[in-house]
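Dear colleague,

I am handing over the structure we spoke of, and I would be glad if you looked through it alongside the notes below.

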Amino acid sequence: MRDKTRENGESQSEEMPLPVEETSVDELLKLISHQRRRAILDLLFTHDRPLTITDLRNEVVEKEQDAEITEIPSERVKQVQISLHHVHIPKLEEKGVVNYDSNRKIVEPTEKLSQLEPFRDHL
């Protein structure tokens with residue numbers, strides 16, 4: 001909620017629309033606070049289709065290391081995959097932004113992802 005000052009100096013409350021249903025602004029900011037989650041969201045927006053965790057991992061680690069995947073130590077690549085699988089993708093799934101099939105290793109955007117479109121330039 002935001003206070004708006006009227007011409008007579010009185011404060012008037014104005015409801016601000018939330019981009020993801022039933023998600024507070026604080027929760028939304030927390031969701032996009034980590035660079036890896038922002039990278040995942042940006043990749044899903046860009047490709048506009050389900051992606052494998054391997055695809056996401058490769059692109060995230062290349063961006064973080066500013067290098068080709070073949071030039072990055074395998075231990076670093078593995079660390080990124082573990083954090084995506086155990087931390088970042090589950091947080092996005094918890095808020096309903098993605099569906100994650102851990103058996104098939106597929107991350108699929110949901111309709112709620114499109115509600116984050118206004119924030120895309122900030123990812």
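What follows is a short account of the salt bridges in this structure.

Please keep in mind that this is a predicted model. Searching the whole structure turns up four salt bridges, and I describe several of them here.

One of these salt bridges pairs Lys95 with Glu27, whose closest N and O atoms lie 3.6 Å apart. This pair links distant parts of the chain, since Lys95 sits in the loop between helix H4 (74-94) and strand S4 (98-101) while Glu27 belongs to helix H1 (residues 25-31), the two being 68 residues apart. Lys95 counts as partly exposed because its relative accessibility is 22%, and Glu27, at 34%, likewise counts as partly exposed.

Another salt bridge brings together the side chains of Arg76 and Glu64, with an N to O distance of 3.4 Å. Arg76 lies in helix H4 and Glu64 in helix H3 (residues 53-65), so this pair ties together parts that are twelve residues apart in sequence. Arg76 is partly exposed at 26% relative accessibility, and Glu64 is partly exposed at 25%.

The side chains of Asp101 and Arg104 also meet in a salt bridge, at 3.5 Å from N to O. Here Asp101 counts as partly exposed, with 26% relative accessibility, whereas Arg104 counts as exposed because its value is 58% and the cut-off for exposed is over 50%.

Note on methods:
Residues numbered from 1 in each chain as written. Predicted model: local features only at pLDDT ≥ 70, side-chain atom pairs only at ≥ 80, totals over all residues. Heavy atoms only, no water. Helix = DSSP H or I, 4+ residues; strand = E, 2+ residues; numbered from the N terminus. Buried < 20%, exposed > 50% of the residue type's maximum accessible area, 1.4 Å probe, protein only.
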